[in-house]
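Here's a quick briefing on the fold you're about to see. Have a look at the model first, then read on.

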Amino acid sequence: MTLLHIDSSPLADASASRQLTAAIVAAAQAARPGLTVVHRDLAATPPAHLGADALAPRMLPADQLTPAQQAELALTEELLREFLAADIVVVGAPMYNFSIPSQLKAWIDRIAAAGRTFKYTENGPVGLAGGKTVIVASTRGGLYSEGPAAAMDHQEAYLKTVFGFLGITDVRFVRAERLSMGAEPRSQAMDAALAGISAVLSHDAAAA
């Protein structure tokens, strides 16, 4: 089995989402000896957003691409191969302004490729990347899983939607929130999230 480990926070060792993804990956390795892990750090090497050079390969024949466009095509192919080869995808997704970091969105824009991870049919779009498990390490400064701010959650809802569009129905969340509400709430949230990892990794774990 292969696990693709995606980090997107630029905060290095201070990142709560990186702490959670590292713990999830370690637990998965302990539970599945021989698991192959591929790590992609989107903060260290962010893919370019979908500008003209990145979009050109979707519209032009390969022999008409400029060197810059060929380089963007090569990166997209690399990201797609990593994603499609993975049985488990662990995604570090801190909430930024009610959504996800732009570098994580740029990665999603590369792997959401018609004919590769989804297709259009006469009955609507069909995902082609099913059979995977996606585990999202979701970190939030405030409380968004319930209460008045729940309507502002365009982070977890978006990730569940986009992975579902790609055909992935098994999307699970390890969540730590209230991280910016003081030292004690932060510590309690991280302890609870870390303690819940084994349940999320179990076969009967349900998506959050």
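Helix α5 (residues 156-165) lies across β3, β6 and β7, running at about 165 degrees to β7. Contact here means heavy atoms within 4.5 Å, and angles run from 0 to 180 degrees between N-to-C directions of axes fitted to C-alpha atoms, for helices over the stretch in contact. Helices (H or I, at least four residues) and strands (E, at least two) are DSSP runs numbered from the N terminus. Keep in mind that this is a predicted model: local features need pLDDT of at least 70, side-chain atom pairs count only at pLDDT 80 or more, and totals for chains, interfaces and linings use all residues. Residues are numbered from 1 along each chain as its sequence is written, and side-chain values use heavy atoms, leaving out hydrogens and water.

**Sheet**
- Five strands make an open sheet in the order β2-β1-β3-β6-β7, with parallel pairing (strands pair if DSSP finds at least two bridges between them).
- β2 and β7 (170-176) are the edge strands, each pairing on one side only.
- On average, neighbouring strands are turned by 15 degrees against each other, direction ignored.

**Strand pairs**
- β1 (residues 2-7) runs parallel to β2 (residues 36-41) over 6 bridges, and Leu3 has Val37 in β2 as its bridge partner.
- 7 bridges join β3 (residues 88-94) to β6 (residues 133-139) in parallel, with Val90 opposite Ile135 in β6.

**Another helix**
- Helix α4 (residues 102-111) lies across β1 and β3, at about 145 degrees to β3.
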